[in-house]
Amino acid sequence: MSAPTKPVISTSEQQLPATGFGRPGLVLGGLILIEILVFSTIGTNFLSWANAAQLLRLNTELVLLALAMTLVIVAGGIDLSVGSLLGLSAVVFGKLVRDANFSPGAAIALTLLLGVGCGALNGLLIARLRIPPLIVTLGTFSLFRGLAEGITGGVDNFTNFQSNFLWLGQGFIGPFPAQLPVLILAITVFYFLLHRSMIGRALSVIGFTPDGAKFAGIPVARRILFAYALSGLMVSIAAVLYVARVGQAKADAGTGYEISAIAAVVLGGTSIFGGRGSIPGTVMGVLAIALLENGFRLADFPPEIAGIFKGILLIVALGMGAPGLLRLTTSGTRQDLHSNLEKSTMRNSQLAALCVVILLAAGLIVLGNYVLLKNVSLVPAGLTVGDHKPTAADRKITVAMMPKSKGNAYFIACRKGAEEAAKELDINLLWDGPTDPDPARQNEIVDTWITRGVDVIVVSVENRDGLSTALRKARQSGVKVVTFDADALPDARDFFVNSATPSGIGSLLMDHAAKALGDQGEFAIISASLTAANQNEWIKWIKARQAEKYPGLKLATIRPCDDLQARAFEETRTILNAHPEVKVIVAICSPAVPGAAEAVKQSGRKDVKVVGLGLPNDNKPYVHGGITTAVVLWNTMDLGYLAVQSATKLARGELKAGQATLRAGRLGQVEIVGDNIMLGVPFTFDKGNIDNFDF
Ligand code: RAM
């Protein structure tokens with residue numbers, strides 16, 4: 001195609017800069033306004049300083065990524081690797097601090113170097129080898145995440161950072177979050193870079209017509225390299241802030257950030273075809289996405305609804321750019337994409353799409369009112385509910401409860417008991433958590449609950465050190481904290497609802513393993529994560545029992561599986577290959593028991609057995625098949641029930657430190673040892689009794 005190269009360049013120079021306050025900017029502004037109106041009506045404490053500060057804290061990393069992404073897209077490219085690079089930078093930083101004893105300052109410097117290097121790698125492949133950006137960054141998307149997983153073995157989670165480093169992500173300068181200066185600086189620099197500098201102008205021209213840019217004497221390759229290296233730098237800065245904010249560094253940090261960043265950029269009016277972009281638009285795009293999630297949570301909507309609406313917004317935003325994204329897999333045809341016809345079609349579809357989102361948002365008001373009405377208590381004062389008599393002065397207590405992961409059958413059963421107690425006690429129960437185990441997500445949800453002003457937070461803690469900081473903050477702001485299943489640090493909570501004594505659980509598991517092994521032999525443990533307190537306590541007691549009673553048995557290895565069945569399956573296969581002497585797998589988190597048993601079954605090894613902590617329903621086939629010899633557990637419904645009973649009594653002043661017992665509804669008097677509220681003793685399911693249970 002013969003594009004009118006020279007006129008295009010001069011026209012584009014005249015048109016620059018577009019700052020996003022055109023028509024798409026106004027529509028986006030309207031959308032943000034509607035979000036604010038809707039959520040300030042239906043969300044608790046939405047229009048508060050604390051919430052504004054939290055929004056800023058939670059979204060700084062995304063803004064940094066999106067700013068850099070704007071430049072990349074304006075230059076006609078795309079960077080799908082930013083989320084993975086965030087994960088890699090986070091774990092490299094964690095490793096440098098924990099294992100290589102670097103000071104945080106030195107580790108930050110090296111992490112930023114890594115970011116620039118990885119960004120430059122993208123840039124070199126694209127600019128010098130002329131491989132399409134989508135292909136290159138799809139490759140590095142996998143490469144960077146793979147390296148992060150390699151460094152951590154997929155399960156290591158770096159925590160315990162110095163408090164002066166954590167201040168960067170959790171501290172305040174007066175009333176402002178510590179991230180604010182970085183954010184203002186980054187937005188200002190990128191604004192001037194894109195809208196007021198020769199480099200921004202050059203990137204726009206490259207995105208508009210790369211060949212034309214070359215003829216105009218622009219060093220195209222160098223500018224593209226600059227854009228990607230800068231993207232890498234911003235990602236690594238974001239990674240450092242992320243680690244400081246969540247207090248931990250895991251290989252899955254930043255998962256999905258690339259999609260949110262691209263969506264924010266496109267939503268903000270930047271053309272996915274390149275050539276035209278807006279920094280203010282990008283910032284507004286991030287805000288539109290962030291408000292959705294934040295507002296829904298504060299309005300107590302089921303978190304799934306927030307996910308659905310966020311998904312719709314992302315589809316709309318990405319849908320607007322889809323044709324351009326596809327074309328980024330080829331080269332040399334970009335000029336065709338800039339026909340006037342195409343440009344106006346895009347604008348119209350942008351407007352239409354945003355109108356749809358606005359209409360959907362308006363529908364939320366109706367839905368919100370419905371939820372509000374539903375939450376009005378219809379129980380007349382004086383009516384006895386459970387073992388508490390509500391009085392006219394009673395305010396409905398809100399208990400916010402979080403499992404390690406919502407998808408785990410163990411916690412699904414806990415939820416049933418929690419809901420039963422909530423109904424009996426006439427309280428509001430919020431249930432939310434990560435879909436799969438994700439300690440950083442647990443931190444974010446706790447933060448939202450603090451802003452929301454719930455009465456009690458009840459949580460099963462995935463990462464003890466990481467979440468304890470957030471829980472301490474909750475206590476400082478007057479929220480009571482109860483942990484259940486897996487504990488936080490003692491000063492981060494009021495009480496811990498303990499499934500059974502760790503010594504009881506550990507000893508029983510070891511006894512079952514010994515029964516399957518005989519006097520001599522090796523066994524292996526599959527745990528959930530290395531940072532969960534309950535898992536580590538149980539391992540300690542398994543080892544103690546083995547040393548005391550079974551000197552002929554040897555623990556060959558401990559492998560974490562992230563509380564995921566598929567991962568437990570893989571880990572067991574690895575153990576069977578690497579340690580052929582291992583004859584018993586002790587799986588101490590519920591998804592690991594069927595995962596390990598399936599791996600043993602598929603290996604064809606008849607000499608290997610499984611014992612573990614799991615649910616009867618998950619394990620029946622393996623118990624009947626003779627692979628799993630013993631499954632230990634407690635009544636998980638009762639655990640959820642007791643946790644909500646304890647939380648409510650705590651909020652009502654009926655549970656105080658030093659108390660020796662607690663009256664817990666249908667469970668009767670429950671013993672309190674120190675600050676541990678004890679559920680009972682573990683129970684063993686085996687071939688003889690497992691069919692009598694259905695959970
Ligand atoms: C896992 C959870 C929980 C553990 C149970 C037995 O699913 O991690 O913490 O107690 O299994």
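Mentor: What follows is a set of questions in which each value is set against its cut-off, and please keep in mind throughout that this is a predicted model.

Trainee: How many helices and strands does the protein chain have, and what share of its residues is buried?

Mentor: The protein chain has 24 helices and 16 strands, and of its 695 residues 57% are buried. Among contacts between residues at least 6 apart in sequence, 77% join residues that are at least 24 apart.

Trainee: Why are helix 17 and helix 18 called roughly parallel?

Mentor: Two packed helices are described by the angle between their axes and by the distance between those axes. The axes of helix 17, residues 439-452, and helix 18, residues 464-476, come within 9 Å and cross at roughly 5 degrees. Angles under 35 degrees count as roughly parallel, and therefore helix 17 and helix 18 are given that description.

Trainee: Which residues make the contact between helix 17 and helix 18?

Mentor: Helix 17 contributes Gln442, Asn443, Val446, Asp447 and Ile450, while helix 18 contributes Gly466, Leu467, Ala470, Leu471, Lys473 and Ala474. Sorted by class, this contact has six nonpolar, three polar and two charged residues.

Trainee: What makes Gln248 a buried residue, and where does Gln248 lie?

Mentor: Gln248 lies in the loop between helix 11 (220-246) and helix 12 (257-267). Its relative accessible area is 2%, and since buried means under 20%, Gln248 is called buried.

Trainee: With which side chain does Gln248 make a polar contact, and how do you know that it counts as one?

Mentor: The side chain of Gln248 makes a polar contact with the side chain of Asn157 at 3.0 Å, and the cut-off for the pair of N or O atoms is within 3.5 Å. Leaving aside neighbours within four places in sequence, Gln248 is also in contact with residues including Phe158, Tyr242 and Pro439, as well as Asn443 and Gly466, and these last two belong to the contact of helix 17 with helix 18.

Trainee: Why is Asn45 called partly exposed, while Asp562 is called buried?

Mentor: Asn45 has a relative accessible area of 39%, and partly exposed covers the values between the 20% limit for buried and the 50% limit for exposed. Asp562, with a relative accessible area of 8%, is buried, because buried means under 20%. Asn45 is in the loop between helix 2 (23-42) and helix 3 (49-74), and Asp562 is in the loop between strand 9 (553-560) and helix 21 (565-578). Although neither is a glycine, each has a positive phi, of about 60 degrees for Asn45 and of about 65 degrees for Asp562.

Trainee: What separates the C-alpha atoms of Lys310 and Ile289?

Mentor: Those C-alpha atoms are separated by 6.7 Å, although the two residues are 21 residues apart along the chain. Lys310 lies in helix 14, residues 303-327, and, not counting residues up to four places away in sequence, Lys310 touches Ser260, Ile289, Leu292 and Glu293.

Note on methods. Residues are numbered from 1 along each chain as its sequence is written. This is a predicted model: local features need pLDDT of at least 70, side-chain atom pairs count only at pLDDT 80 or more; totals for chains, interfaces and linings use all residues. Side-chain values use heavy atoms; hydrogens and water are left out. Axes are lines fitted to C-alpha atoms, for helices over the stretch in contact, and angles run from 0 to 180 degrees between N-to-C directions. Helices (H or I, at least four residues) and strands (E, at least two) are DSSP runs, numbered from the N terminus. Angles under 35 degrees count as roughly parallel, over 145 as roughly antiparallel, 65 to 115 as roughly perpendicular and the rest as oblique. Contact means heavy atoms within 4.5 Å. Ala, Val, Leu, Ile, Met, Phe, Trp, Tyr, Cys and Pro count as nonpolar, Asp, Glu, Lys and Arg as charged, and the others, Gly among them, as polar. Buried means under 20% relative accessible area, exposed over 50%, partly exposed in between (1.4 Å probe, protein chains only). A polar contact is a pair of N or O atoms within 3.5 Å; within protein, one must be able to donate a hydrogen and the other to accept it, and residues adjacent in sequence count only if both atoms are side-chain atoms.
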